[in-house]
Amino acid sequence: MELPVLSSTANPAVRAMRALEDGKARRETGCMRLEGRKLCAEAARELEVTALFVREGRAELYADLIAACAQKGARVWTVSDRVLEYVCAAKTPQDVVLSARIPRLALRGGPLVALDGVQDPGNLGAIVRTCDAAGFGGVVLGPGCADPYAPKSIRATMGSLLRVPMEKVPDLAAWLSARRDEGRALLLTALDGEDFFGRGALPPDPILVIGSEGRGISPAVAACATHRYRLPMAGGAESLNAAVAAGIMIYDLYRVQRQGES
């Protein structure tokens, strides 16, 4: 199949793809942009794809991806190097980029992570990826969090955002208070907290709260906690990166609750 070629950055389809860099465009269209072979292949399997750009001269290498996207009704073009560089956030773009409907997945049963103002897209993406690996039921995003569907966040999740339910809430403290009233354990980190690794048994399906990189957990959210923990520090560091701390705690909760270890 011969595909149309886009070579001008003024083309409306090109402009629409580039616009998805901006959160306002993502909110208005309900779409996000994914770049690179791996992410595009996963999106073609899991999502409603609306448009696909393939680097000119490389269409044969992506015949399966083109067919999968076309089958879902997506418009498919080959594009010049200039256009690909114009629409992609990566400094060295791979051969393919597409737009797809943002997934709307309901939170599942099991442990959850709630993010209180985590602003760094890399940290947010890494936490989502860890939740995917550990089989958590989803991620709740309070005000001030990075957009999980921004290009930097998407890259950091390595495709996990296609599988991990995410729910944005306007008032995280109110949402957590309601979960506490339902009997959920709310775990947060605090310098004056108990040793996380020396904790006793927890109710099933706890919610782990991770605070922002700069200010930590807000007072309103901290007031909701049922358990306060600290990660022990044997060296001179005062704290850990938010994604690293989350990863340690997520996997220790996984060890205890999913594998039944003591």
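The backbone nitrogen of Ala90 lies 3.4 Å from a polar atom of the Glu35 side chain. This is a predicted model, in which local features need pLDDT of at least 70, side-chain atom pairs count only at pLDDT 80 or more, and totals for chains, interfaces and linings use all residues. Residues are numbered from 1 along each chain as its sequence is written, and side-chain values use heavy atoms, with hydrogens and water left out.

Q: Which other backbone nitrogen does the side chain of Glu35 reach?

A: A polar contact is a pair of N or O atoms within 3.5 Å; within protein, one must be able to donate a hydrogen and the other to accept it, and residues adjacent in sequence count only if both atoms are side-chain atoms. The Glu35 side chain reaches the backbone nitrogen of Ala89 at 2.9 Å.

Q: Is Glu35 buried or exposed?

A: Buried means under 20% relative accessible area, exposed over 50%, partly exposed in between (1.4 Å probe, protein chains only). Glu35 has 14%, so Glu35 is buried.

Q: In what order do the six strands of the open sheet run?

A: Strands of a sheet pair through backbone hydrogen bonds, either parallel or antiparallel. Strands are DSSP runs (E, at least two residues), numbered from the N terminus, and two pair if DSSP finds at least two bridges between them. Here the order is 8-7-6-10-9-11, with parallel pairing. The edge strands, strand 8 (166–168) and strand 11 (227–230), each pair on one side only.

How values were computed:
Helices (H or I, at least four residues) and strands (E, at least two) are DSSP runs, numbered from the N terminus.
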